[in-house]
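Thanks for asking me to take a look at this one. Here are my notes as numbered points, so that you can follow along with the structure open.

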Amino acid sequence: MSKILFTDHEQNLLKKHPYVKAVSDKAITYTDEFKALAIKEYKEGKFPRQIFEDAGFDIEIVG
């Protein structure tokens with residue numbers, strides 16, 4: 001049996017985020033816009049956690 005990573009409540013919250021294209025109980029698909037932003041900011045020296053926080057993601061949910 002596979003483990004559920006995101007509850008229904010968490011999925012509903014994530015689906016409302018402008019940088020989320022799709023979400024299931026196991027994965028988040030981010031928009032191309034967010035992927036480009038994240039790569040750019042990472043190359044500029046920003047840590048992944050800060051990129052996600054600055055983009056408005058709840059770190060407790062996305063990990």
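1. Let me start with Thr31. With a relative accessibility of 15%, Thr31 counts as buried, because the cut-off for that class is under 20%. Thr31 sits in the loop that runs between strand E2 (28-30) and helix H2 (32-43).

2. What does the side chain of Thr31 reach? It comes to 3.1 Å from the backbone nitrogen of Phe34. Leaving aside residues up to four places away in sequence, Thr31 also touches Pro18, Tyr19, Val20 and Lys21.

3. A word on confidence before going further. This is a predicted model, and the mean pLDDT of the protein chain is 93, with 95% of its residues at 70 or more. Among the elements, H2 has the highest confidence, at a mean of 98, and helix H4 (residues 59-62) the lowest, at 91.

4. Next, the largest nonpolar core, which has 15 residues. Which of them touch the most other members? They are Leu14, Ile28, Tyr30, Phe34, Phe57 and Val62. Two or more residues of this core come from each of E1, E2, H2 and H4, and H4 gives the most, with three residues. In soluble globular proteins, nonpolar side chains tend to be buried together.

5. Not counting residues up to four places away in sequence, Ile28 touches Phe6, Leu14, Val20, Ala22, Val23 and Val62.

6. Now for the charged pairs: the salt bridges come to seven. One of them joins Asp25 to Lys26, with the closest N and O atoms 3.5 Å apart. Asp25 is partly exposed at 23% relative accessibility, and Lys26 is partly exposed too, at 41%.

7. Lys35 and Asp32 form another salt bridge, at 3.9 Å from N to O. The two residues are three apart in helix H2, which means that about one helical turn separates them. Asp32 counts as exposed at 52% relative accessibility, while Lys35 is partly exposed at 39%.

8. My last pair is Asp54 and Lys46, whose side chains meet in a salt bridge at 2.8 Å, N to O. Both count as partly exposed: Asp54 has a relative accessibility of 45% and Lys46 one of 27%. Elsewhere, salt bridges that share partners join Lys21, Asp32 and Lys35 into one network.

Notes
Residues are numbered from 1 along each chain as its sequence is written. This is a predicted model: local features need pLDDT of at least 70, side-chain atom pairs count only at pLDDT 80 or more; totals for chains, interfaces and linings use all residues. Side-chain values use heavy atoms; hydrogens and water are left out. Helices (H or I, at least four residues) and strands (E, at least two) are DSSP runs, numbered from the N terminus. Buried means under 20% relative accessible area, exposed over 50%, partly exposed in between (1.4 Å probe, protein chains only). A polar contact is a pair of N or O atoms within 3.5 Å; within protein, one must be able to donate a hydrogen and the other to accept it, and residues adjacent in sequence count only if both atoms are side-chain atoms. Contact means heavy atoms within 4.5 Å. pLDDT is the predictor's confidence in each residue, from 0 to 100. A nonpolar core is a set of buried Ala, Val, Leu, Ile, Met, Phe, Trp, Tyr and Cys residues joined through side-chain atoms within 4.5 Å. A salt bridge is a side-chain nitrogen of Lys or Arg within 4 Å of a carboxyl oxygen of Asp or Glu.
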